[in-house]
Amino acid sequence: MGDWMDKEIIENMDQAAVLSEVASNAGAIMLQNGAEIYRVEDTIERIIKSKENIRDVDVYSTSNVIVLSFSLNGKIHTNVRRVKARRNNLYYIDKVNSFSRRFVAGDFNLDEALVELRAIKNDPGYSPRWQCLGSSLSAGAFLLLLRGRLEDMVLSFFVGLISYAISHLFEKAKFGFFLINFIAGIVVSLITMTFGYFFTGVEVNKVVVASMMAFLPGITLTNSMRDLMSGDVTSGLTGATTAFLISTALALGVALPITIATYLG
(Lines give C-alpha, C1' and ligand atoms only; values in the text may rest on other atoms or scores of the structure.)
Protein backbone atom coordinates (compact mmCIF):
# COMPACT_ATOMS: atom_id res chain seq x y z
CA MET A 1 0.00 0.00 0.00
CA GLY A 2 1.47 3.37 -0.94
CA ASP A 3 1.47 6.19 1.59
CA TRP A 4 0.32 9.79 0.98
CA MET A 5 3.81 11.04 0.01
CA ASP A 6 4.07 8.39 -2.70
CA LYS A 7 0.89 9.52 -4.45
CA GLU A 8 1.09 10.99 -7.91
CA ILE A 9 0.89 14.79 -8.07
CA ILE A 10 -1.11 16.40 -10.87
CA GLU A 11 1.29 18.80 -12.58
CA ASN A 12 -0.57 19.99 -15.69
CA MET A 13 -3.94 19.99 -17.42
CA ASP A 14 -3.03 16.94 -19.49
CA GLN A 15 -2.70 14.89 -16.32
CA ALA A 16 -5.86 16.53 -15.01
CA ALA A 17 -7.69 15.30 -18.13
CA VAL A 18 -6.48 11.75 -17.47
CA LEU A 19 -7.58 12.00 -13.84
CA SER A 20 -11.04 13.12 -14.89
CA GLU A 21 -11.23 10.20 -17.32
CA VAL A 22 -10.31 7.79 -14.53
CA ALA A 23 -12.98 9.25 -12.25
CA SER A 24 -15.70 9.44 -14.92
CA ASN A 25 -14.96 5.93 -16.20
CA ALA A 26 -15.23 4.52 -12.68
CA GLY A 27 -18.47 6.40 -12.08
CA ALA A 28 -19.94 5.38 -15.44
CA ILE A 29 -19.29 1.69 -14.78
CA MET A 30 -21.00 1.94 -11.40
CA LEU A 31 -23.94 3.94 -12.76
CA GLN A 32 -24.38 1.57 -15.69
CA ASN A 33 -24.63 -1.39 -13.32
CA GLY A 34 -27.21 0.03 -10.93
CA ALA A 35 -25.22 1.75 -8.19
CA GLU A 36 -26.95 4.38 -6.06
CA ILE A 37 -26.35 8.00 -7.06
CA TYR A 38 -24.70 8.93 -3.77
CA ARG A 39 -22.30 5.99 -4.16
CA VAL A 40 -21.36 7.08 -7.68
CA GLU A 41 -20.75 10.68 -6.62
CA ASP A 42 -18.80 9.65 -3.51
CA THR A 43 -16.53 7.31 -5.50
CA ILE A 44 -15.75 9.99 -8.08
CA GLU A 45 -15.03 12.58 -5.39
CA ARG A 46 -12.69 10.25 -3.51
CA ILE A 47 -10.74 9.46 -6.69
CA ILE A 48 -10.28 13.13 -7.60
CA LYS A 49 -9.60 14.36 -4.06
CA SER A 50 -6.90 11.72 -3.62
CA LYS A 51 -4.56 14.14 -5.43
CA GLU A 52 -3.15 16.73 -3.06
CA ASN A 53 -3.16 19.73 -5.38
CA ILE A 54 -6.74 19.36 -6.70
CA ARG A 55 -9.26 21.91 -5.43
CA ASP A 56 -12.97 22.77 -5.71
CA VAL A 57 -14.23 19.27 -6.60
CA ASP A 58 -17.89 19.14 -7.64
CA VAL A 59 -19.73 16.05 -8.89
CA TYR A 60 -23.31 15.84 -10.08
CA SER A 61 -24.94 12.64 -11.27
CA THR A 62 -28.41 11.61 -12.36
CA SER A 63 -29.54 8.18 -13.48
CA ASN A 64 -27.82 8.57 -16.87
CA VAL A 65 -25.46 11.58 -16.74
CA ILE A 66 -22.30 12.36 -14.77
CA VAL A 67 -20.88 15.88 -14.60
CA LEU A 68 -17.67 16.58 -12.69
CA SER A 69 -15.39 19.58 -12.34
CA PHE A 70 -12.31 20.55 -10.35
CA SER A 71 -9.64 23.21 -10.40
CA LEU A 72 -5.88 22.84 -10.87
CA ASN A 73 -3.69 25.90 -10.34
CA GLY A 74 -6.71 28.14 -10.79
CA LYS A 75 -7.89 26.50 -14.02
CA ILE A 76 -11.20 24.62 -14.16
CA HIS A 77 -11.49 21.18 -15.75
CA THR A 78 -14.93 19.74 -16.57
CA ASN A 79 -16.01 16.31 -17.82
CA VAL A 80 -19.47 15.12 -18.88
CA ARG A 81 -20.27 11.43 -19.27
CA ARG A 82 -23.52 10.03 -20.71
CA VAL A 83 -24.67 6.55 -19.63
CA LYS A 84 -27.27 5.24 -22.07
CA ALA A 85 -28.12 1.82 -20.66
CA ARG A 86 -28.54 0.62 -17.06
CA ARG A 87 -28.77 -2.82 -15.48
CA ASN A 88 -28.30 -4.32 -12.05
CA ASN A 89 -25.00 -6.12 -11.65
CA LEU A 90 -23.29 -5.95 -8.26
CA TYR A 91 -20.24 -7.77 -9.65
CA TYR A 92 -18.98 -4.65 -11.44
CA ILE A 93 -19.92 -2.32 -8.59
CA ASP A 94 -17.80 -4.41 -6.23
CA LYS A 95 -14.91 -4.36 -8.73
CA VAL A 96 -14.96 -0.56 -9.00
CA ASN A 97 -15.31 -0.14 -5.24
CA SER A 98 -12.17 -2.21 -4.75
CA PHE A 99 -10.38 -0.29 -7.50
CA SER A 100 -11.25 3.11 -6.00
CA ARG A 101 -9.90 2.12 -2.60
CA ARG A 102 -6.65 0.91 -4.13
CA PHE A 103 -6.35 4.03 -6.29
CA VAL A 104 -6.82 6.33 -3.31
CA ALA A 105 -4.22 4.27 -1.41
CA GLY A 106 -1.74 4.93 -4.23
CA ASP A 107 -1.57 1.45 -5.75
CA PHE A 108 -2.13 2.80 -9.30
CA ASN A 109 -0.75 5.72 -11.22
CA LEU A 110 -3.04 7.42 -13.75
CA ASP A 111 -2.10 5.27 -16.74
CA GLU A 112 -2.34 2.05 -14.74
CA ALA A 113 -5.74 3.15 -13.44
CA LEU A 114 -7.10 3.58 -16.98
CA VAL A 115 -5.85 0.11 -17.90
CA GLU A 116 -7.44 -1.40 -14.79
CA LEU A 117 -10.79 0.27 -15.47
CA ARG A 118 -10.69 -0.90 -19.08
CA ALA A 119 -10.13 -4.44 -17.82
CA ILE A 120 -13.09 -4.13 -15.43
CA LYS A 121 -15.33 -2.79 -18.19
CA ASN A 122 -14.35 -5.62 -20.55
CA ASP A 123 -14.64 -8.29 -17.86
CA PRO A 124 -17.41 -10.65 -19.00
CA GLY A 125 -18.45 -11.28 -15.39
CA TYR A 126 -20.58 -14.29 -14.67
CA SER A 127 -21.46 -16.27 -17.77
CA PRO A 128 -25.08 -16.37 -19.02
CA ARG A 129 -25.23 -20.03 -17.94
CA TRP A 130 -24.53 -19.12 -14.33
CA GLN A 131 -27.01 -16.24 -14.50
CA CYS A 132 -29.72 -18.55 -15.84
CA LEU A 133 -28.91 -21.08 -13.14
CA GLY A 134 -29.16 -18.41 -10.45
CA SER A 135 -32.51 -17.28 -11.81
CA SER A 136 -33.88 -20.79 -11.82
CA LEU A 137 -32.62 -21.49 -8.29
CA SER A 138 -34.24 -18.31 -6.98
CA ALA A 139 -37.52 -19.33 -8.62
CA GLY A 140 -37.44 -22.81 -7.13
CA ALA A 141 -36.41 -21.58 -3.69
CA PHE A 142 -39.10 -18.91 -3.57
CA LEU A 143 -41.76 -21.50 -4.28
CA LEU A 144 -40.79 -23.19 -1.01
CA LEU A 145 -41.55 -19.91 0.79
CA LEU A 146 -44.98 -20.03 -0.80
CA ARG A 147 -45.44 -23.55 0.65
CA GLY A 148 -45.52 -25.11 -2.81
CA ARG A 149 -45.13 -28.78 -3.58
CA LEU A 150 -41.89 -30.40 -4.67
CA GLU A 151 -43.28 -31.05 -8.15
CA ASP A 152 -44.18 -27.39 -8.52
CA MET A 153 -40.72 -26.39 -7.33
CA VAL A 154 -39.16 -28.40 -10.17
CA LEU A 155 -41.55 -26.76 -12.63
CA SER A 156 -40.74 -23.31 -11.25
CA PHE A 157 -37.03 -24.08 -11.62
CA PHE A 158 -37.60 -25.00 -15.28
CA VAL A 159 -39.80 -21.98 -16.03
CA GLY A 160 -37.33 -19.60 -14.39
CA LEU A 161 -34.49 -21.07 -16.44
CA ILE A 162 -36.28 -20.80 -19.79
CA SER A 163 -37.75 -17.35 -19.20
CA TYR A 164 -34.43 -15.85 -18.11
CA ALA A 165 -32.60 -17.40 -21.06
CA ILE A 166 -35.12 -15.91 -23.49
CA SER A 167 -34.98 -12.49 -21.81
CA HIS A 168 -31.17 -12.60 -22.03
CA LEU A 169 -31.40 -13.14 -25.80
CA PHE A 170 -33.69 -10.13 -26.17
CA GLU A 171 -31.39 -8.07 -23.97
CA LYS A 172 -28.43 -8.91 -26.20
CA ALA A 173 -30.52 -7.82 -29.17
CA LYS A 174 -30.82 -4.37 -27.51
CA PHE A 175 -34.59 -4.46 -26.93
CA GLY A 176 -35.93 -1.96 -24.39
CA PHE A 177 -36.45 -3.04 -20.79
CA PHE A 178 -40.24 -2.72 -21.04
CA LEU A 179 -40.48 -5.12 -23.98
CA ILE A 180 -37.97 -7.54 -22.42
CA ASN A 181 -39.99 -7.82 -19.21
CA PHE A 182 -43.28 -7.98 -21.12
CA ILE A 183 -41.97 -10.96 -23.11
CA ALA A 184 -40.60 -12.56 -19.94
CA GLY A 185 -44.06 -12.32 -18.35
CA ILE A 186 -45.64 -13.93 -21.41
CA VAL A 187 -43.13 -16.80 -21.37
CA VAL A 188 -43.61 -17.45 -17.64
CA SER A 189 -47.39 -17.44 -17.93
CA LEU A 190 -47.55 -19.46 -21.15
CA ILE A 191 -45.23 -22.26 -20.04
CA THR A 192 -46.88 -22.55 -16.62
CA MET A 193 -50.40 -22.63 -18.08
CA THR A 194 -49.34 -25.25 -20.62
CA PHE A 195 -48.07 -27.54 -17.86
CA GLY A 196 -51.17 -26.80 -15.82
CA TYR A 197 -53.38 -27.84 -18.74
CA PHE A 198 -51.68 -31.21 -19.26
CA PHE A 199 -50.86 -32.02 -15.62
CA THR A 200 -53.56 -31.72 -13.01
CA GLY A 201 -52.69 -30.38 -9.59
CA VAL A 202 -50.18 -27.77 -10.76
CA GLU A 203 -50.53 -24.64 -8.62
CA VAL A 204 -50.28 -22.19 -11.49
CA ASN A 205 -50.49 -19.02 -9.39
CA LYS A 206 -47.61 -20.00 -7.12
CA VAL A 207 -45.41 -21.16 -10.01
CA VAL A 208 -45.99 -17.91 -11.91
CA VAL A 209 -45.16 -15.75 -8.89
CA ALA A 210 -42.03 -17.74 -8.05
CA SER A 211 -40.79 -17.82 -11.65
CA MET A 212 -40.95 -14.03 -11.90
CA MET A 213 -38.60 -13.44 -8.96
CA ALA A 214 -35.52 -12.81 -11.11
CA PHE A 215 -37.33 -10.06 -13.03
CA LEU A 216 -38.86 -8.10 -10.16
CA PRO A 217 -37.25 -4.63 -9.79
CA GLY A 218 -36.43 -4.94 -6.10
CA ILE A 219 -32.93 -3.43 -6.37
CA THR A 220 -34.17 -0.62 -8.62
CA LEU A 221 -36.95 0.29 -6.20
CA THR A 222 -34.67 0.10 -3.15
CA ASN A 223 -32.02 2.29 -4.78
CA SER A 224 -34.65 4.83 -5.82
CA MET A 225 -35.88 5.09 -2.24
CA ARG A 226 -32.30 5.54 -0.98
CA ASP A 227 -31.71 8.24 -3.60
CA LEU A 228 -34.89 10.04 -2.55
CA MET A 229 -33.89 9.90 1.12
CA SER A 230 -30.42 11.18 0.19
CA GLY A 231 -31.93 14.20 -1.57
CA ASP A 232 -31.37 13.00 -5.15
CA VAL A 233 -34.98 13.60 -6.13
CA THR A 234 -34.54 13.38 -9.91
CA SER A 235 -32.75 10.05 -9.81
CA GLY A 236 -35.06 8.70 -7.12
CA LEU A 237 -38.18 9.50 -9.13
CA THR A 238 -36.59 8.09 -12.28
CA GLY A 239 -35.76 4.83 -10.50
CA ALA A 240 -39.22 4.56 -8.97
CA THR A 241 -40.83 5.16 -12.37
CA THR A 242 -38.58 2.53 -13.95
CA ALA A 243 -39.53 0.01 -11.25
CA PHE A 244 -43.22 0.78 -11.83
CA LEU A 245 -42.86 0.29 -15.60
CA ILE A 246 -41.00 -3.01 -15.16
CA SER A 247 -43.70 -4.28 -12.80
CA THR A 248 -46.38 -3.15 -15.23
CA ALA A 249 -44.66 -4.92 -18.14
CA LEU A 250 -44.41 -8.16 -16.17
CA ALA A 251 -48.04 -7.95 -15.08
CA LEU A 252 -49.26 -7.29 -18.62
CA GLY A 253 -47.13 -10.11 -19.98
CA VAL A 254 -48.47 -12.59 -17.43
CA ALA A 255 -52.06 -11.44 -17.89
CA LEU A 256 -52.10 -11.70 -21.69
CA PRO A 257 -52.03 -15.54 -22.05
CA ILE A 258 -54.37 -15.94 -19.08
CA THR A 259 -56.87 -13.50 -20.59
CA ILE A 260 -56.72 -15.18 -24.01
CA ALA A 261 -57.12 -18.62 -22.48
CA THR A 262 -60.09 -17.42 -20.43
CA TYR A 263 -61.94 -16.06 -23.43
CA LEU A 264 -61.13 -19.08 -25.62
CA GLY A 265 -62.15 -21.46 -22.87
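Predicted model: local features only at pLDDT ≥ 70, side-chain atom pairs only at ≥ 80, totals over all residues.
1. In this note, helices are DSSP runs of at least four residues, numbered from the N terminus.

2. The largest pocket holds about 2,000 Å³ of space. Its lining is made up of 48 residues, and those nearest the centre are Arg 86, Arg 87, Asn 88, Asn 89 and Glu 171. Two or more lining residues come from each of helix 3 (90-104), helix 5 (128-145), helix 6 (150-172), helix 7 (177-198), helix 9 (218-229) and helix 10 (233-264). Helix 9 gives the largest share, with six residues.

3. Asn 25, Ala 28, Ile 29, Gln 32, Arg 81, Arg 82, Val 83, Leu 117, Arg 118 and Lys 121 form its lining. The largest share, four residues, belongs to helix 1. By class, the lining of the second largest pocket comprises four nonpolar, two polar and four charged residues.

4. Ser 167 is a residue of helix 6. Ser 167 counts as buried because its relative accessibility is 8%, and the cut-off for buried is under 20%. Beyond the neighbours within four places in sequence, Ser 167 is in contact with Ile 180, Ala 184 and Phe 215.

5. The model contains nine aromatic pairs. One of them joins Phe 99 and Phe 108, whose ring centres lie 5.5 Å apart with 35° between the planes, a tilted arrangement. Phe 99 is buried, at 2% relative accessible area, and Phe 108 is likewise buried, at 11%.

6. Tyr 197 and Phe 198 form an edge-to-face pair, because their planes stand at 90°, with the ring centres 5.2 Å apart; the cut-off for edge-to-face is over 60 degrees. How accessible are these two residues, buried or exposed? Tyr 197 counts as exposed, at 68% relative accessibility. Phe 198 is also exposed, with a relative accessible area of 60%. The cut-off for exposed is over 50%.

7. A further point concerns the tyrosines: Tyr 91, Tyr 92 and Tyr 126 form one aromatic cluster.

Conventions. Residues numbered from 1 in each chain as written. Heavy atoms only, no water. 1 Å grid on protein atoms, 1.4 Å probe; cavity = no way out; pocket = protein on both sides within 12 Å on 5 of 7 lines; lining within 4 Å. Points joined across faces, edges and corners; volume = space filled by probe spheres on them. Nonpolar A, V, L, I, M, F, W, Y, C, P; charged D, E, K, R; others polar. Buried < 20%, exposed > 50% of the residue type's maximum accessible area, 1.4 Å probe, protein only. Contact = heavy atoms within 4.5 Å. Phe/Tyr/Trp six-rings, centres within 6.5 Å; stacked < 30°, edge-to-face > 60°.
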